Amino acid sequence: MTDVRTTSPPAGTAAARSLLGARMPTLATAALLVITVTAAAVMQSNFFTPYGLTSNFATILPIATVAVAQTLIVLTGGIDLSIGTIVTLSSVVTVQLMDGDPARVPLALAAGLLTGAGCGLFNGLIVALLRLQPIVATFATSFVFGGLALLVLPSPGGSVAPVITDGFRQVIALVLPVPALLLLVLWLAWRLLRAHRAGQYLYAVGGGAGAAYASAVPVTQVRILAYTAGGLVAALAGIALLANSGAGDPFIGNELTLGSIAALVIGGTRLRGGAGGAGGAIVGAVILTLIQNLVFFAGVPTDARELVNGAITIVAIALAGLLTARGTATGEGKVT
């Protein structure tokens with residue numbers, strides 16, 4: 001009879017594997033970031049100039065902001081397919097009330113933010129209280145919000161006050177673009193929320209609603225709060241789009257929904273909730289935007305640009321997803 005013996009790896013090797021597994025999502029995202037930044041710097045000659053940085057961060061900020069909004073919801077185990085139309089509705093309400101008048105800026109911004117928060121609250125109520133499937137409920141509300149946006153602004157138009165568009169393109173201390181500073185503020189706000197009890201509740205509900213409820217976590221209220229906060233942050237993305245373009249568009253946010261989901265997946269956030277974070281989503285948005293820029297600067301014909309951009313994005317999502325799954329299998333997912 002053959003003597004079969006099983007050997008366990010040394011304790012140091014097992015600890016190293018566990019640590020590598022825990023860091024795998026972060027390492028995968030960091031590797032993708034280095035690759036895309038290097039490629040962008042090679043193909044875009046003015047990439048590190050103040051103009052190049054301002055232009056790139058002005059494009060990155062809206063999708064990074066909406067990716068953060070989506071992350072707040074996904075962390076609780078939900079998803080919001082209407083988030084792009086929330087961006088649109090908030091932006092058209094803002095631009096119509098502003099009408100290029102600097103005196104109307106405070107009122108217009110407040111109305112836009114309240115619109116986003118209201119849309120998010122509506123989604124939260126029908127998902128958390130009526131117990132409708134998030135993917136179906138928010139897909140339906142996307143048509144409601146999109147229709148309202150067309151009623152507010154039937155065709156592209158309106159004007160943003162110069163104080164916003166001019167300020168958005170400023171560079172501080174010769175090297176720091178205002179959009180990059182706003183992105184840093186967004187990340188710091190996330191870190192504050194992450195350290196607060198409300199942030200911990202997001203992870204608890206997404207990690208296991210039953211266990212969270214048994215631990216006295218107000219699951220329903222947390223889900224409603226997540227959708228409302230997501231809508232509010234999505235409205236900020238709409239304002240960023242207005243600042244970058246200078247005018248309103250009733251279809252401006254339609255493509256942001258799938259972009260927000262792709263960004264958070266690349267950033268290491270699990271779609272089933274409970275792991276990940278807004279920091280990874282911001283980095284994922286940077287990677288996604290740079291991929292789109294690479295396709296443009298590579299001189300790909302316009303007719304084939306969407307095809308090539310989609311194929312590269314799928315590869316990036318698949319790579320990030322595989323490495324994240326491996327990290328989850330060998331250790332706890334890194335929370336960012």
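Me: Quick one to start: is Val92 buried or exposed?
Reply: Val92 is buried, because its relative accessibility is 0%. Keep in mind that this is a predicted model.

Me: Okay, and which helix is Val92 in?
Reply: Val92 belongs to helix α3, which covers residues 83–98.

Me: What does Val92 touch, if I skip its neighbours within four places in sequence?
Reply: With those neighbours left aside, Val92 is in contact with Ala149, Val152, Leu153, Asp249 and Pro250. Take Val152: along the sequence, Val92 and Val152 are 60 residues apart, yet their C-alpha atoms are 6.7 Å apart in space.

Me: What about Ser91, where does that one sit?
Reply: Ser91 is in helix α3 too. Ser91 counts as buried because its relative accessible area is 1%, and the cut-off for buried is under 20%. Not counting residues up to four places away in sequence, Ser91 touches Gly238, Leu242 and Ile252.

Me: How exposed is Asp99?
Reply: Asp99 is partly exposed, with a relative accessible area of 47%.

Me: Which other non-glycine residue has a positive phi?
Reply: Ala216 has one, at about 70°. Ala216 is in the loop between α9 (209–214) and α10 (219–245). With 64% relative accessibility, Ala216 counts as exposed.

Me: And Val217, buried or exposed?
Reply: Val217 is buried, at 7% relative accessibility. Val217 also lies in the loop between α9 and α10.

Me: What is Val217 in contact with?
Reply: Leaving out neighbours within four places in sequence, Val217 is in contact with Tyr201, Ala204, Val205, Ala212 and Val222. The C-alpha atoms of Val217 and Val205 are separated by 7.8 Å, and the two residues are 12 apart along the chain.

Me: Let's move on to α10. How far apart are its ends?
Reply: The end C-alpha atoms of α10 are 39 Å apart, and that agrees with the 39 Å its 27 residues should span at 1.5 Å a residue. Just after α10 there's Gly246, with a positive phi of about 85°.

Me: At what angle do α4 and α10 pack?
Reply: The angle is about 150°, and the two axes are 7 Å apart. The crossing of α4 and α10 is right-handed.

Me: Which residues meet there?
Reply: The α4 residues include Leu109, Gly112, Leu113 and Gly116, and among those they meet in α10 are Ile224, Tyr227, Gly231 and Leu232. By class, the contact of α4 with α10 has 13 nonpolar, eight polar and one charged residues.

Me: New topic: Asn293. Where is it?
Reply: Asn293 lies in helix α12, residues 278–297. Asn293 is buried, with a relative accessible area of 17%.

Me: What does the side chain of Asn293 make a polar contact with?
Reply: With the side chain of Asn56, at 2.9 Å.

Me: Zooming out, how many helices and strands are there?
Reply: The protein has 13 helices and two strands. Of its 336 residues, 47% are buried.

Me: And what share of the contacts join residues at least 24 apart?
Reply: Among contacts between residues at least 6 apart in sequence, 76% do.

Definitions and conventions: Residues numbered from 1 in each chain as written. Predicted model: local features only at pLDDT ≥ 70, side-chain atom pairs only at ≥ 80, totals over all residues. Heavy atoms only, no water. Helix = DSSP H or I, 4+ residues; strand = E, 2+ residues; numbered from the N terminus. Buried < 20%, exposed > 50% of the residue type's maximum accessible area, 1.4 Å probe, protein only. Contact = heavy atoms within 4.5 Å. Axes fitted to C-alpha atoms, helices over the stretch in contact; angles between N-to-C directions. Left-handed = near helix turned anticlockwise from the far one by under 90°. Nonpolar A, V, L, I, M, F, W, Y, C, P; charged D, E, K, R; others polar. Polar contact = N/O pair within 3.5 Å; in protein donor to acceptor, adjacent residues only side chain to side chain. Expected span 1.5 Å × (residues − 1).
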